[in-house]
Amino acid sequence: MLDHAGAWRVYLGGRSIRALRGENAPVDDHFPEEWIASTVEAAGAGALPGAGLSRLREAPYSTLRDKIASAPGFWLGEEFVRQHGPDCGVLLKLLDAAERLNVQVHPSRDDARRFWRSPYGKLECWHFLDGRSINGQPPYFYLGLRQDVDRVRLQQAFYSGDFQRVLDCMYRFPAIPGQTVLVESGVPHAIGAGCFLMELQEPSDLTLRLEKRTASGTEVSDDCCHMGAGYDALFSMVRYEHFTEEETQNAYFIPARVLKTDADGTITQLLGYDRCPYFSMEEIQVRTALTLKSRPAFYGLFVLSGHGSLQCGEKRMSLTPGDQIFVPGGTPAITLASNLRLIRFFGPQ
């Protein structure tokens, strides 16, 4: 079992995360994200040393990163380590935005190695859980440049300092609970106010920004925009795909697929390796008792709702909303019981 981990962010949010955990009178603040099974430290302004790193609840001073480093074969699985190295290669976040996030773009692995000596870019996947209206607007997000937008138009919009000109370069979509969206490297995007989602991503905090001010008016420095790579590099990383709105949806909206359903429960694939080799994700609905087979590689679990238990051999633990579990590679089959809804996620294929 892992403890909650988060990091200070410039944007406001987090009320829905605290409500999920059952806190009384939850409010929005500058901790709008929960990092799950995280071996990554948060970067950027306001991030304290060690922020974002998951810690074991049974050993509160031990980070998951240190535990994996001490025995990667045990924690990740021997075959996984042989194929991918001694790093889990994935990060899951719970994210609740009370204001629109900056328009962002993330580097590919090639660009991450070139500019930041990082083995990981920041390809990510969103799965919308719920939402709330903010200032009378239902939740929404922006994804992809409009068909007629090229580099010159995007740069002009950015340097004008008018955030609406940047947003007008992009497609806007409603954020619908149950919807899954793949956000590939180089694709401009912005999570809108009122979105409550799971974000599965490569384990890095490499975020480039295409706005010099947040939605609430906070100035964003040049270095925060391009992270030291320079603006020419930033705009060279953007995908100018000239997709129509329908082509954007076809390229990045991922349909769910039911893998198993019976009286015990339902397992639904939200993102498969056929769409992304870096990670995959499922939703599990337990109705009575559902057994998950042993796997040679690790996986993670996050409880979205319900109350129940997890049984593995002689060990049993109670589960409540907000609980997160890292299951080491080679762990025997586990049984989930009672009424539970969970997210299960996996690292690289």
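The lining of the largest cavity comprises 4 nonpolar, 3 polar and 2 charged residues. Here Ala, Val, Leu, Ile, Met, Phe, Trp, Tyr, Cys and Pro count as nonpolar, Asp, Glu, Lys and Arg as charged, and the others, Gly among them, as polar. The model is predicted: local features need pLDDT of at least 70, side-chain atom pairs count only at pLDDT 80 or more, and totals for chains, interfaces and linings use all residues. Residues are numbered from 1 along each chain as its sequence is written, and side-chain values use heavy atoms, with hydrogens and water left out.

The search of the whole structure returned 1 cavity of 30 Å³ or more. On a 1 Å grid over the protein atoms alone, a cavity is a set of points where a 1.4 Å probe fits but cannot get out; a pocket is an open set with protein on both sides within 12 Å along at least five of seven lines; lining residues have an atom within 4 Å of a point. Grid points are joined across faces, edges and corners, and a volume is the space filled by probe spheres set on the points. The volume of the largest cavity is about 50 Å³. Its lining consists of Gly144, Leu145, Val187, Pro188, Arg239, Glu241, His242, Phe243 and Thr248.

Strand 7 spans residues 140-145. Helices (H or I, at least four residues) and strands (E, at least two) are DSSP runs, numbered from the N terminus. Buried means under 20% relative accessible area, exposed over 50%, and partly exposed in between (1.4 Å probe, protein chains only). Strand 7 runs antiparallel to strand 8 (residues 170-174), with 5 bridges between them. Two strands pair if DSSP finds at least two bridges between them. Leu145 has Met170 of strand 8 as its bridge partner. Strand 7 also runs antiparallel to strand 10, through 3 bridges. There, Phe141 is partnered with Ile191.

The largest pocket holds about 590 Å³ of space. Its lining counts 34 residues; Arg9, Val10, Thr207, Arg209 and Cys224 lie nearest the centre. Strand 4 (91-96), strand 6 (124-131), strand 10 (189-191) and helix 8 (222-226) each give two or more residues to this lining. Strand 10 supplies the largest share, 3 residues. The lining of the largest pocket divides into 13 nonpolar, 9 polar and 12 charged residues.

The whole structure contains 27 salt bridges. A salt bridge is a side-chain nitrogen of Lys or Arg within 4 Å of a carboxyl oxygen of Asp or Glu. Arg9 pairs with Glu33 in a salt bridge at 3.5 Å, N to O. Glu33 lies in strand 1 (residues 33-36) and Arg9 in the segment before helix 1 (15-20), 24 residues apart. Glu33 is buried at 7% relative accessible area, and Arg9 is buried at 11%.

Arg100 and Glu211 form another salt bridge, with their closest N and O atoms 2.7 Å apart. Arg100 lies in the loop between strand 4 and strand 5 (104-105), and Glu211 in the loop between strand 12 (208-209) and helix 8, so the pair ties together parts 111 residues apart in sequence. Both Arg100 and Glu211 are buried.

Lys122 meets Glu199 in a salt bridge at 3.9 Å, N to O. Lys122 is buried at 3% relative accessible area, and Glu199 is buried at 4%. Salt bridges that share partners join Arg9, Glu33, Lys93, Lys122, Glu124, Glu199 and Asp205 into one network.
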